[in-house]
Amino acid sequence: MDLSQPSSWRLFSVFCGVAPMASAAVLWFGEIMSAVPLRNNKAVAAAARTVTVLGATGSIGDSTMDLLRGARGRYSVEALTANTNVEGLAKLAREFGARFAAIADPARLGELKDALAGTDIECGAGESAIIEAAARPADWVMAAVSGAAGLKPALAAVDRGATVALANKECLVCAGDFFMQRAAKAGACILPADSEHNALFQALSSGNREELVRVIITASGGPFRTWAPADIERATLEQALKHPNWSMGQKITIDSATMMNKGLEIIEASFLFDVPADRIGVLIHPQSLVHSMVEFRDGSIVAQMARNDMRFPILYALAYPDRLEAPFGRLSLAGQRLEFDEPDLRRYPAIGIAREALREGGAAPAVLNAANEVAVEAFLAGKIRFTRIVPVGVETRSSIGSRPAPRTVAEAREIDAEARRIAGECVERWTGVTA
Ligand code: NDP
């Protein structure tokens, strides 16, 4: 990629192109910044929007439903999905009058039907039902299924040219090339819902592509930022789950403790914004108020700030291209102290390992992601120690070696399955090993 080239049509079309909101296109970097506030297209923003939430019962799903609850009349719910949580799904489907509810576990269809008895909500079960939910004609889709299982449903939304708020980072980490290509081809509008990428998205519109020097992703440093290495060796699950700033699902909270989350975010940013690894910096920012920054060639650094609450980036994506009133408080800067430090790569090896995987390219990010999922699951199940999580990724990568990038969902699944098998063997070897 040549950043000196003016304007990136690929980015412009993926984010704002022939999507349903094309007429309200934000001036994306690559296009000239105009004094005319083209964002201000009230005609589009005022129209009621239909929304679908994939992973409605999870942490991101919960924040999304909370925002929808506060903006009744502005949005109507087309479809909601969950994995096994029938009760939570049925409750939400009833509350929001969803047209369709899908549960991934096929064995729970009867339970879901019973829970929705007396309503006219259609329901389905199994992966095909989750894909059907994504394919139904909602204007806006929140892609918040956790893990690699989120890829196929997100693609179903992308392929019909929907506006997709992308929380599921695995879509990009496991299949970044073809995911973004399919989005561009279908004219889908991808809005980053992850707080860091959402911040970058907002900051990037301050300049042109050829003016970009680098993007800087911030990281809280997690619960072990100030711990001695020997203490981290003995870290318990409870300690690792105690994130200092964010309330999130278990998997991503553990990833924040190892900083693999930051590593995956580097990969995610590279695919989203078409920026190479060496132009993506990371800074430890313990207050988590600056969510990320962009540096331009005139030395300006544009940062996005908000309280550390995932509802902010989700609200931005939900209201895009407008901004809605945040119903849950605002950031007051008076009295705040903001610190920024370079990450210590010995304390956080995951950052370097993810960067290497991005540089190597091909299937390397997908392999690292799958191995990390297996390792985190093993840690959550009490099988391996905290400090074994990252080595599972390293070992799996070196066993598999270099492979081409997946070009289809089937290829992505194949490489994912192989990495999981090898990571599983690694976990078995280290299960119960305390030294
Ligand atoms: P959670 O584990 O809290 O929720 C995951 C959701 O996906 C649940 O609704 C779950 O259903 C559903 N789900 C899980 N597995 C499957 C499956 N195989 N098929 C269909 N549905 C499934 O995750 P989070 O909300 O924390 O994260 C979701 C995604 O967003 C992840 O990719 C994460 O990395 C990303 N993200 C999360 C952030 C956060 O603050 N939480 C921040 C930025 C990104 P059920 O409830 O039935 O298990």
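Author: In what follows about this predicted model, Ala, Val, Leu, Ile, Met, Phe, Trp, Tyr, Cys and Pro count as nonpolar, Asp, Glu, Lys and Arg as charged, and the others, Gly among them, as polar.

Reader: How do the residues of the lining of the second largest pocket divide into nonpolar, polar and charged?

Author: The second largest pocket has a volume of about 420 Å³, and of the 22 residues that line this pocket, the closest to its centre are Gln 304, Ala 306, Phe 312, Arg 323 and Ala 326. Sorted by the classes above, the lining of this pocket divides into ten nonpolar, six polar and six charged residues.

Reader: Which element gives the most to the lining of the second largest pocket?

Author: At least two residues of this lining are supplied by each of helix H9 (195-204), strand E11 (301-305) and helix H14 (311-319). With four residues, the element that gives the most to the lining is H14.

Reader: Which element supplies the largest share of the lining of the largest cavity?

Author: The count comes to two cavities of 30 Å³ or more, and the largest cavity has a volume of about 60 Å³. Its lining includes Val 173, Cys 174, Phe 271 and Pro 406, and the elements that give two or more residues to this lining are helix H8 (170-186) and helix H16 (364-380). The largest share, five residues, comes from H8.

Reader: How many residues in the lining of the largest cavity are charged?

Author: Among the residues that line this cavity are Ala 175, Gly 176 and Asp 177; by the classes above, Ala is nonpolar, Gly is polar and Asp is charged. The lining as a whole holds nine nonpolar residues and two polar ones, and the number of charged residues is one.

Reader: How many of the residues of helix H13 are buried?

Author: Helix H13 (residues 260-273) reaches 20 Å from its first C-alpha to its last, close to the 20 Å expected at 1.5 Å a residue, and the helix is followed by Asp 274, whose phi is positive, near 60°. Buried means under 20% relative accessible area, and H13 is mostly covered, with the number of its buried residues being 14 of 14.

Reader: What is the distance from the sulfur of Cys 171 to the nearest cysteine sulfur?

Author: A search of the whole structure finds zero disulfides, and since a disulfide needs two cysteine sulfur atoms within 2.5 Å, the separation is what has to be checked. Cys 171 is in no disulfide, and the nearest cysteine sulfur, that of Cys 174, lies at 8.0 Å.

Reader: Is Cys 171 buried or exposed?

Author: The cut-off for a buried residue is under 20% relative accessible area. Cys 171 has a relative accessible area of 0%, so this residue is buried.

How values were computed: Residues numbered from 1 in each chain as written. Predicted model: local features only at pLDDT ≥ 70, side-chain atom pairs only at ≥ 80, totals over all residues. Heavy atoms only, no water. 1 Å grid on protein atoms, 1.4 Å probe; cavity = no way out; pocket = protein on both sides within 12 Å on 5 of 7 lines; lining within 4 Å. Points joined across faces, edges and corners; volume = space filled by probe spheres on them. Expected span 1.5 Å × (residues − 1). Buried < 20%, exposed > 50% of the residue type's maximum accessible area, 1.4 Å probe, protein only.
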